[in-house]
Amino acid sequence: MPNSFFGLNIGKTGLTAASVALNTTAHNASNANTDGYSRQVITQTAQTPISMNMSYGMVGTGTVVTEITQVRSEYYDNKYWDNSCKVGYYETINYEMLKIEDYFNEMDSEGFTTEFNNFFAALSSLNDNVTGTAERSNMIGYATNLVEYFETIKSELLDQQEDINAEVSDTVDKINTLAADIAALNQQINTVELTGESANDLRDKRALLIDELSSIVDISVSEQTYENSKTSFRVYIGTDVLVDDYTTYELQLTSRTDKANDTDATGLYDITWSYGDAFDPVGDNINGSLKALLEVRDGNNQSGSDNTNYKGIPYYIEQINEFLETFTTEFNSLLDQGYNLNNETTADMAATYDETDFFLVDSNGSYYVNEIYTNDPDLLCLSDSKIQDGVENAGIVQKLIDLKDAKMFDSGTPQDKVSKIIVEIAIDTARSTTMSAHYTNLGKTITNNRLSVMGVDSDEEAMNLVKYQEAYDLAAKVIQVMSEIYDTLINNLGV
């Protein structure tokens with residue numbers, strides 16, 4: 001049989017449950033704008049009744065809050081992480097491609113077109129006065145400008161490659177830091193939940209870290225709960241384990257000793273696992289900003305992987321070098337057929353000079369104009385026959401002028417070749433812009449769906465405040481009534 005104050009105990013349970021509900025609602029309201037917060041709800045049930053061994057059966061003992069849980073959808077989490085990875089990939093690709101496009105865009109205006117036309121205009125002026133020192137110097141100057149223009153673009157691309165390489169280092173450090181933070185939270189969560197409580201806010205912090213990680217690399221998670229409430233939580237990059245409960249497997253960087261491409265910057269990083277296994281972030285069906293950085297940096301020359309056909313920085317440098325090599329080779333070969341003002345050929349000049357080609361390339365792959373012609377323009381072999389009676393003909397000059405419209409490339413003339421490079425860049429940039437916008441918009445939809453489950457609704461929480469306040473007032477009323485009954489029983493009916 002329950003004691004005389006049984007009713008007070010029942011009222012107390014209602015008061016306690018309503019208080020917990022109010023506090024939970026207040027916690028939700030205060031975190032309405034907290035990034036990554038999952039709204040929390042109480043689970044409330046009737047307490048175990050007491051058997052009275054009477055005809056009316058068992059008597060209720062009040063209510064109890066069994067747990068406070070967070071409302072979250074694993075389905076929308078996985079959708080968010082998958083899309084976040086694609087957004088990170090295409091946003092990074094787009095950002096880097098826009099920079100590359102900026103380098104090449106001016107080719108059509110004051111860049112290549114201007115330098116190319118100035119060079120051939122200077123050659124045309126030689127047709128009228130092939131022996132003129134001023135005309136020869138003018139042509140040499142514009143030839144220097146032309147190759148320096150391309151070398152400037154190559155230098156900018158190499159600077160971008162080095163910048164990306166530094167960003168790869170920062171990104172790997174960030175992955176390792178996030179992994180360490182997740183492992184630490186795993187331990188804190190288990191410490192709390194082994195006591196029977198729910199570590200909701202700690203779980204939100206962990207999920208927020210995974211959100212951040214998902215934009216960098218392609219991740220998946222698995223969680224197993226044991227009978228004692230301990231959980232085993234793992235994070236994977238592809239099929240490789242990054243976090244295993246409290247243990248992390250770090251990524252490490254190694255500077256390349258051998259270049260994947262001859263034109264690459266020195267010391268580009270390869271990524272491996274700290275335990276020595278290879279790490280392939282550009283495999284099939286993998287996305288994320290790290291993959292984008294490596295693809296732009298390495299392109300088709302990705303070290304250790306042939307899973308990408310992406311045209312990265314090495315490809316565009318290679319296209320510039322192909323243009324320069326083909327054009328300068330044709331130009332040099334025509335000069336080899338001519339005579340200079342001293343009635344010498346380039347073969348004759350070889351006895352005096354180490355290099356007689358007009359355009360040269362150094363050990364770093366940089367093109368430049370041979371300084372012997374800069375110092376003495378009369379050495380240019382612009383006549384197709386020896387000087388007779390002090391007159392040099394301009395036979396070679398016309399052949400050089402004809403190179404402007406010569407179809408020396410698979411794509412056609414020199415201008416066609418440059419136009420092809422610009423079109424390829426424009427196509428890659430446009431595609432990355434379109435895909436970035438697509439997955440960003442899709443991400444907004446997924447985020448809204450996700451927030452519809454886990455987000456805090458201010459109207460709903462306001463209604464809950466009223467509901468739980470009324471429940472609290474009702475429980476307090478029960479205690480008040482029971483108190484009056486006991487007062488009458490004790491003070492007014494006592495002997």
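1. Asparagine 83 sits in helix α2 (residues 74–105). Helices here are DSSP runs of H or I with at least four residues, strands are E runs of at least two, and both are numbered from the N terminus. Asparagine 83 is buried, at a relative accessible area of 5%. Buried means under 20%, exposed over 50%, and partly exposed in between, with a 1.4 Å probe and protein chains only. Leaving out residues up to four places away in sequence, Asparagine 83 touches Tyr439, Leu442, Gly443 and Ile446. Contact means heavy atoms within 4.5 Å.

2. On provenance: this is a predicted model, where local features need pLDDT of at least 70, side-chain atom pairs count only at pLDDT 80 or more, and totals for chains, interfaces and linings use all residues. Residues are numbered from 1 along each chain as its sequence is written, and side-chain values use heavy atoms, without hydrogens and water.

3. Helix α1 covers residues 6–30. Its 25 residues should span 36 Å at 1.5 Å a residue, and the end C-alpha atoms are 36 Å apart, so the two agree. The expected span is 1.5 Å times one less than the number of residues. Buried residues of α1 include Gly7, Gly11, Gly14, Ala18, Ala21, Thr25 and Asn28. They belong to a buried set that packs against β1 (40–46), β2 (50–51), β3 (58–59), β4 (63–70) and α12 (458–492).

4. Helix α12 has 35 residues. From first C-alpha to last, α12 reaches 50 Å, close to the expected 51 Å. Glu461, Asn464, Tyr468, Ala475 and Tyr486 are buried in α12. Their cover includes α1 and β1.

5. Which residues make the nonpolar surface patch of about 290 Å²? Phe5, Leu489 and Ile490 do. Isoleucine 490 belongs to α12. Patch residues have over 30% relative accessible area and no salt bridge; nonpolar side chains (Val, Leu, Ile, Met, Phe, Trp, Tyr) are joined within 5 Å, like charges within 9 Å. A salt bridge puts a side-chain nitrogen of Lys or Arg within 4 Å of a carboxyl oxygen of Asp or Glu. Areas are Shrake-Rupley, with a 1.4 Å probe; for residues, only the protein chains shown count as cover.

6. The whole structure holds 23 aromatic pairs. One of them joins phenylalanine 331 and phenylalanine 358: tilted, 5.3 Å centre to centre, 40° between planes. The pair links distant parts of the chain, 27 residues apart: phenylalanine 331 in α7 (residues 313–335), phenylalanine 358 in the loop between α8 (346–349) and β11 (359–361). Rings of Phe, Tyr and Trp (its six-membered ring) pair with centres within 6.5 Å; planes under 30 degrees apart are stacked, over 60 edge-to-face, the rest tilted. Both phenylalanine 331 and phenylalanine 358 are buried.
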